[in-house]
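Here are a few notes to read alongside the model.

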Amino acid sequence: MTRTRLLLTILAPLSLGACGDKDTTGPLKVPELEYGTDRPWPSPEPLPPIGPAGRLIITNNMDDTLSLLDLDTMGSADWKELARIPVGLNPVELEGPHHTAVSPDGTSYYVGISNYVPGSGSGPHGTHGSGSADGYCLKLDSTTNTIIGSVRVDPNPGDVIISKDGRTLYQTHFDLLRISTVAKRGGTEQEMYARLAILDAETMTRKGEMVSVCPAPHAVRLSPDEQRAYIACWSDEVAIVDLAQASHPVTHVKVAPNAGTAVAPRHEPYALTVSPTTGEVRVSSLATHSVQYLNPETLTMDPDRTVILDGAPMFGEFTADGRTLYMPYQGVEAIAIIDPEAIVPPTYRPPSIPLAPSGCVNVHQFSMTPDERYGLVVCEGDHVGPGTFHVVDLAERTVVKTVQVGIFPDSVALVRRKP
């Protein structure tokens, strides 16, 4: 007997039995489906209230989660994640949560969903910037950590920030795929421009048309008066968006005389930092390991104020008085302590705080607690295993806490609820 006939012989009685049991006088009875869990996309478990010191939110880019840590309990010997919660719109796909912003009143926070394609692309994030699907900006309730709003944006969301009054979000799109696609068909650099989304933080809708800014814009920061948005562009330039005018005209400033193009950048601007006092802009360029200076008055670069590091600078932060810039840099894994007023020779290297001995790999972002006593540092890790989060005593210049978080963390933000 052949295998096919054997299979038919076995199935025939089952088929006849099934037909015999069928109730032909009524509708076909379909058995109810049974799921392995009560809730296929479970809501986060209730957490303790956010304490006076606040709660940290870390975006884990490669496992679609957020790590939550309470600063109020940082003094405990076993300080660790309070919770790690899922984030995104699709529970079965990697969506790449990328960067976060917090409302001034602490009631909500916002996460970019980059929707990249794992295993392709280039740049400091490996796969980041190579997505072909539109991204999203999500709004989450800071108490329940559930989505309360979302808006669809362009592919490859990069950075997201919020205005001081909490009404407006600014989201860039680090679209490296657009550059390569346009280049392959011989298009112009202007066709490679990605857009800046200006969003209503309350309604999660767009405020007018998105603004075409430059090829692969990533970090965005506002001037102290919030009349300008400064954007680091992969095309070796800074785009300055005039927010005071309804048409949002854009000015482009090349970061150096030997600047390259979007297809072949020589500097690769990726992040930038704005002084809260002078308004000066410091541009983190990956390829040249340089922290470059943009004069906010003349909108020109001053090469005499460039600081060269021994690794690729990332996302730093000024102190409130503008006198110190803390700049993390990859390769060495350290935090440079930069005097913004200093004019230094190319051979100068600023003092630094080492992170590698504490397990940091690929440092990504530095920020500070409101009292500026501690530095909060996110390290990406090797993008396969867990990344790390570090607390640095800035007076002692030492790491005092290290916590393992999710895969490929890339930002930290502090939620503080107003009384």
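This is a predicted model: local features need pLDDT of at least 70, side-chain atom pairs count only at pLDDT 80 or more; totals for chains, interfaces and linings use all residues.

1. Residues are numbered from 1 along each chain as its sequence is written, and side-chain values use heavy atoms, with hydrogens and water left out.

2. Let's start with β1 (residues 55-60) and β2, which pair in the antiparallel sense over six bridges. Strands here are DSSP E runs of at least two residues, numbered from the N terminus, and two of them pair if DSSP finds at least two bridges between them. Four residues separate β1 from β2 in this hairpin, and in the turn D64 has a positive phi of about 55 degrees. Opposite R55 stands D70 of β2.

3. β2 also pairs with β3 (residues 83-86), again antiparallel, over four bridges. Here L68 faces A83 of β3 as its opposite residue.

4. How many residues of β2 (65-70) are buried? Six of its six are, with buried meaning under 20% relative accessible area (1.4 Å probe, protein chains only). In a regular strand, side chains alternate between the two faces of the sheet. In β2 both faces are covered: T65, S67 and L69 lie on one side, L66, L68 and D70 on the other.

5. Further along, four strands make an open antiparallel sheet in the order β13-β14-β15-β16. Its edge strands, β13 (217-222) and β16 (250-254), each pair on one side only. β13 is joined to β14 (residues 228-233) by four antiparallel bridges, and L222 has A229 of β14 as its bridge partner.

Technical notes: Buried means under 20% relative accessible area, exposed over 50%, partly exposed in between (1.4 Å probe, protein chains only).
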